[in-house]
Structures are given as C-alpha cells and as structure tokens.
Amino acid sequence: MTSHIEIVPGVSSGHVKQRCVAMKPLSLLLLLISLTANSSDLSAPQVAIEKYFQYFNAKDIDSLNNASGQPFTLINGGKISKWNKYGDAVDFEGLQSSGWAYSRIRQNELVYEDDMTAMVNINFSRYTSTDAVISTSDVIYLLVNRDGAWKLKSGFVNGNLTLGK
C-alpha cells in the first residue's frame, strides 16, 4: 500500500497530520459499511440449510450426517419415514440415474426461530447437467440447535420428493 502526501504551500505539517488522522476513521467507516452491505441477510438456520445443499450437491454423506440430527425424519406425500442418519435416506446413484446433477435453492425463508429450534421454508429445484429443471419442490425443514450448531432434524415435503430410493 502506498501513501501519497501532498505538500501544500503555506500549510504546516501539523495540518497534514490532522488531515491523515481524520481520514483513518473515515476509511474505517467506509470499510465497515462495505462489509455490512456485502454480508448475508440470512439467519443461522438459513445458512445451515445453504450448507446442507452444498453438501448434498457434493454428495458428501459424512457432512450431511454431521449437518443433520439423529434420527432424521421425512414426511413426504403424507408418509412418515425415519432413518438413523440422513445418509441412510439418500441414494445419489438413484438420483443421478433420474438425470439429477445438482439442486439449487430458489427461496429460503425463515418461518420461526428460538434458542433451540427453527423452521425454514425452502423452495428448490433439481437440475440436469444441461441445467434443465427436473423438479421443483417445497420443503419445510425443522432444525434443532445442538451445542451451538443448527442440525436438520425433519423435513416436511409439500408433495412427493424422491431421495433416489
């Protein structure tokens, strides 16, 4: 970082120092405004859902299991299913054979949050490798706060959603 000091005839060095000192708080303020403007407006449970989708797209079973509570339950088309771990519920090979390549969240809305639980309403689409939409689904996720980390505990699907099985 280079600095530029302008020597102005008739201005003492004391005024130059005051000018530099006054610029430091202004620079700090502009930096803070910039960081705030670029920060996410998502709550911690919503961020947990975003991470979950990243793990899902990466087909990272271990991270999905760590991001979910045990047992994990899914209410899908009126049918209640329960698995010891989320990884037991999903079959990525089955999803891929249906053409699935990745999923993308279209809407991420916090429904409710307190110190221990939260509900997040998600609308997402599944896509092929050519970016064609396979399906779009609405899911409300129940999350629980365990030792300061938000974990997916249940999903409530409006309609039917396959996990590849």
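**Loops, helix and core**

Guide: Let's start with D131, which sits in the loop between β4 and β5. Bear in mind that this is a predicted model.

Visitor: OK, what is phi of D131 near?
Guide: Phi of D131 is near 70°, a positive value in a residue other than glycine. For background, most residues other than glycine have a negative phi.

Visitor: Which loop holds D147, and what's its phi?
Guide: D147 is in the loop between β5 and β6. Its phi is positive too, about 55°, and D147 is not a glycine either.

Visitor: Is D147 buried or exposed?
Guide: Exposed, with a relative accessible area of 85%.

Visitor: Which residues of α2 are buried?
Guide: P45, Q46, A48, I49, Y52, F53 and F56. Seen down the axis of α2, these buried residues fall within an arc of 155°, so they line one face of the helix.

Visitor: What covers the buried residues of α2?
Guide: The cover includes helices α3 (61-67) and α4 (92-97), along with strands β3 (102-113), β4 (117-127), β5 (133-146) and β6 (149-158).

Visitor: How many residues are in the largest nonpolar core?
Guide: It has 27 residues, and I49, F56 and Y141 have the most contacts inside it. At least two residues each come from α2, β1 (68-76), α4, β4, β5 and β6. Of these, α2 gives the most, with five residues.

Visitor: What is F56 in contact with, leaving aside its neighbours within four places in sequence?
Guide: L64, Y86, V90, F92, L95, W100, S103 and R126.

Visitor: Rings now. How many aromatic pairs does the structure hold?
Guide: There are 10 aromatic pairs. One of them is Y52 with F53, edge-to-face at 5.5 Å centre to centre, with 85° between the planes. Y52 counts as buried at 3% relative accessibility, and F53 is buried at 6%.

Visitor: What geometry do Y52 and Y86 have as a pair?
Guide: Y52 and Y86 are edge-to-face, with 5.5 Å centre to centre and 85° between the planes. That pair links distant parts of the chain, 34 residues apart: Y52 is in helix α2, while Y86 is in the loop between β2 (79-83) and α4. Both Y52 and Y86 are buried.

Visitor: Which residues do the ring pairs link into a cluster?
Guide: Y52, F53, F56, F72, Y86, F92, W100, F124 and Y141 are linked into a cluster by ring pairs.

Visitor: Last one: which ring does R104 lie over?
Guide: R104 lies over the face of Y127, at 5.1 Å from the ring centre.

Methods. Residues numbered from 1 in each chain as written. Predicted model: local features only at pLDDT ≥ 70, side-chain atom pairs only at ≥ 80, totals over all residues. Heavy atoms only, no water. Buried < 20%, exposed > 50% of the residue type's maximum accessible area, 1.4 Å probe, protein only. Helix = DSSP H or I, 4+ residues; strand = E, 2+ residues; numbered from the N terminus. Arc of directions from axis to C-beta. Contact = heavy atoms within 4.5 Å. Phe/Tyr/Trp six-rings, centres within 6.5 Å; stacked < 30°, edge-to-face > 60°. Lys NZ or Arg CZ within 6 Å of the ring centre and 35° of its normal. Core = buried A, V, L, I, M, F, W, Y, C linked by side-chain atoms within 4.5 Å.
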